[in-house]
Amino acid sequence: MTILAPIRAAAVEFAPEVTYLNTSSWGLLPRRTIAAVKALADENAAGRRVGAGSFDAVEAARAGFARLAGVHPDRVATGSSVTVHVGLIAASLPPGAEVLCPEGEFSSVVSPFALRGDLRMRYAPLDGLAAAVRPSTSLVAFSAVQSADGRVADLAAVRAAAAAHGARTLLDGTQAAGWFPLEAGAYDYTVTGGFKFLLCPRGTSFLTVTEEAQGALPPLFAGWVSAGAPWTSNYGPLERLAPTARGFDEPPAFLSYHGAEHSLDLLAEVGADALYAHATGLAARLRAGLAKLGHATVPGESAIVSVPGLESRQSDLVKAGVAVSAPAGNLRISCHLYNTEADVDRVLEVLA
């Protein structure tokens with residue numbers, strides 16, 4: 001079995017008090033991120049910060065995510081939650097449009113469409129999603145990596161099916177970005193919450209939109225930052241939105257974005273290939289160990305390892321100082337850059 005060396009930056013940036021294997025719920029904040037948030041909070045408390053924060057930090061975070069997602073920063077809008085981004089896309093569809101989603105998809109991806117009441121919703125098993133696309137499908141909305149059990153979608157097949165039938169695609173990268181290669185430009189829209197594998201504070205979320213698809217989005221949440229030039233359009237109606245994805249920016253949660261800039265820098269320093277190899281390597285070691293204990297896991301090469309029917313053991317792991325989660329009847333264990341082989345072996349020790 002391959003021996004995985006710890007990622008050097010992890011020892012400098014993280015010091016969890018538990019064996020932390022719960023990034024699918026939220027990621028640990030690096031020390032550099034915490035320092036940036038504290039510095040801004042202190043400046044706000046002392047009255048030294050004009051405007052409560054810097055748009056330079058927002059732009060740095062936008063550029064950091066764009067680099068990770070493989071798109072130009074002009075294709076990235078910044079916001080506070082995946083739900084708001086998906087709501088904007090849902091508002092762009094005409095009544096009667098057909099939206100196809102995987103069965104059991106995360107609520108934030110599905111609900112803005114389903115609760116409109118005038119769209120046609122269809123659901124298919126994840127492994128049959130591409131085959132379920134048909135000429136009447138307007139949009140396929142799905143996660144790259146499923147929240148409930150870590151399954152990775154057949155991204156190429158779904159993209160090909162959508163293109164063949166003229167359907168647009170919406171990809172949620174929340175459980176993927178930060179360990180899984182994300183080619184955001186291959187989809188009409190992507191949405192990504194920053195507080196999981198991107199290691200950003202809550203209140204950071206990224207929307208990418210292709211130039212062609214941008215024209216379909218309504219100015220539903222247009223505000224003073226939507227002109228693309230902060231502090232220049234504070235009063236009266238905007239004359240126009242920014243011509244780039246910045247036209248769909250939300251007013252920033254500055255504390256969160258001052259931290260996000262540094263979290264995304266850390267991921268860039270480690271590198272996408274190293275992140276993928278480390279997380280999936282640890283997950284493979286965990287799957288092999290669980291198999292020896294007689295536990296069947298959800299198959300695949302995901303950084304998220306799920307064991308159906310073993311959710312009752314979460315409490316045992318928590319009592320032993322191991323942080324994991326148990327959604328949808330699964331024991332869910334997620335590996336990231338700050339985890340080591342010792343963390344994986346600790347899980348196996350407790351479960352044995």
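A residue is called buried here when its relative accessible area is under 20%, exposed when the value is over 50%, and partly exposed in between. The legends below describe close-up views of a predicted model.

View 1. The UniProt record, an unreviewed entry, places the feature "domain: Aminotransferase class V" at residues 30–347.

**View 2. An edge-to-face pair formed by Phe14 and Tyr338.** The whole structure contains 14 aromatic pairs. In one of them, the ring centres of Phe14 and Tyr338 are 4.9 Å apart and the ring planes meet at 70°, so the pair is classed as edge-to-face. The two residues come from distant parts of the chain, 324 residues apart. Phe14 belongs to the loop between helix H1 (8–13) and strand S1 (19–20), whereas Tyr338 belongs to the loop between strand S11 (330–334) and helix H12 (341–351). Phe14 and Tyr338 are both buried. Together with Tyr20 and Trp26, Phe14 and Tyr338 make up one aromatic cluster.

**View 3. A stacked pair formed by Trp179 and Tyr276.** Here the ring centres of Trp179 and Tyr276 are 6.0 Å apart, and the planes are at 15°, so this pair counts as stacked. Trp179 is in the loop between strand S6 (168–172) and strand S7 (189–193), and Tyr276 is in helix H10 (residues 272–292), so the contact ties together parts that are 97 residues apart in sequence. Trp179 is buried, because its relative accessibility is 2%. Tyr276 has a relative accessible area of 25% and is therefore partly exposed.

View 4. The largest pocket has a volume of about 260 Å³. Its lining consists of 19 residues, and those nearest the centre are Val82, Phe106, Thr174, Phe195 and Lys196. By class, the lining of the largest pocket contains four nonpolar, 12 polar and three charged residues. Phe195 also takes part in another contact: Arg202 lies over the face of its ring, at 3.9 Å from the ring centre.

View 5. Rolling a probe the size of a water molecule over the atoms shows where empty space is left. The count of cavities of 30 Å³ or more is two. The largest cavity has a volume of about 50 Å³. Residues lining the largest cavity include Leu88, Pro218, Pro219, Phe221 and Phe248. Seven nonpolar, two polar and one charged residues form this lining. The second largest cavity holds about 40 Å³ of space, and its lining consists of Val84, His85, Leu88, Leu207, Phe221, Phe248 and Glu250. Helix H4 (residues 82–91) supplies the largest share of this second lining, with three residues. The lining of the second largest cavity has five nonpolar, one polar and one charged residues.

View 6. Ala184 lies in the loop between S6 and S7. With a relative accessibility of 1%, Ala184 counts as buried. Although Ala184 and Gly70 are 114 residues apart along the chain, 6.3 Å separates their C-alpha atoms. Pro125 is in the loop between strand S4 (120–124) and helix H6 (129–132). Its relative accessibility is 41%, so Pro125 is partly exposed. Pro125 and Gly104 are 21 residues apart in sequence, and their C-alpha atoms are 8.4 Å apart in space.

View 7. Most residues other than glycine have a negative phi. Leu199 is not a glycine, yet its phi is positive, at about 65°. This residue, Leu199, is found in the loop between S7 and strand S8 (205–209). Leu199 is buried, because its relative accessibility is 0%. Ala328, likewise not a glycine, has a positive phi of about 55°. Ala328 is located in the loop between strand S10 (322–323) and S11. Its relative accessible area is 65%, so Ala328 is exposed.

Definitions and conventions:
Residues are numbered from 1 along each chain as its sequence is written. This is a predicted model: local features need pLDDT of at least 70, side-chain atom pairs count only at pLDDT 80 or more; totals for chains, interfaces and linings use all residues. Side-chain values use heavy atoms; hydrogens and water are left out. UniProt positions are given in the numbering used here, feature names are shortened, and annotations may be inferred rather than shown by experiment. Rings of Phe, Tyr and Trp (its six-membered ring) pair if their centres lie within 6.5 Å; planes under 30 degrees apart count as stacked, over 60 as edge-to-face and the rest as tilted. Helices (H or I, at least four residues) and strands (E, at least two) are DSSP runs, numbered from the N terminus. Buried means under 20% relative accessible area, exposed over 50%, partly exposed in between (1.4 Å probe, protein chains only). A charge sits over a ring if NZ of Lys or CZ of Arg is within 6 Å of the ring centre and within 35 degrees of the ring normal. On a 1 Å grid over the protein atoms alone, a cavity is a set of points where a 1.4 Å probe fits but cannot get out, and a pocket is an open set with protein on both sides within 12 Å along at least five of seven lines; lining residues have an atom within 4 Å of a point. Grid points are joined across faces, edges and corners, and a volume is the space filled by probe spheres set on the points. Ala, Val, Leu, Ile, Met, Phe, Trp, Tyr, Cys and Pro count as nonpolar, Asp, Glu, Lys and Arg as charged, and the others, Gly among them, as polar.
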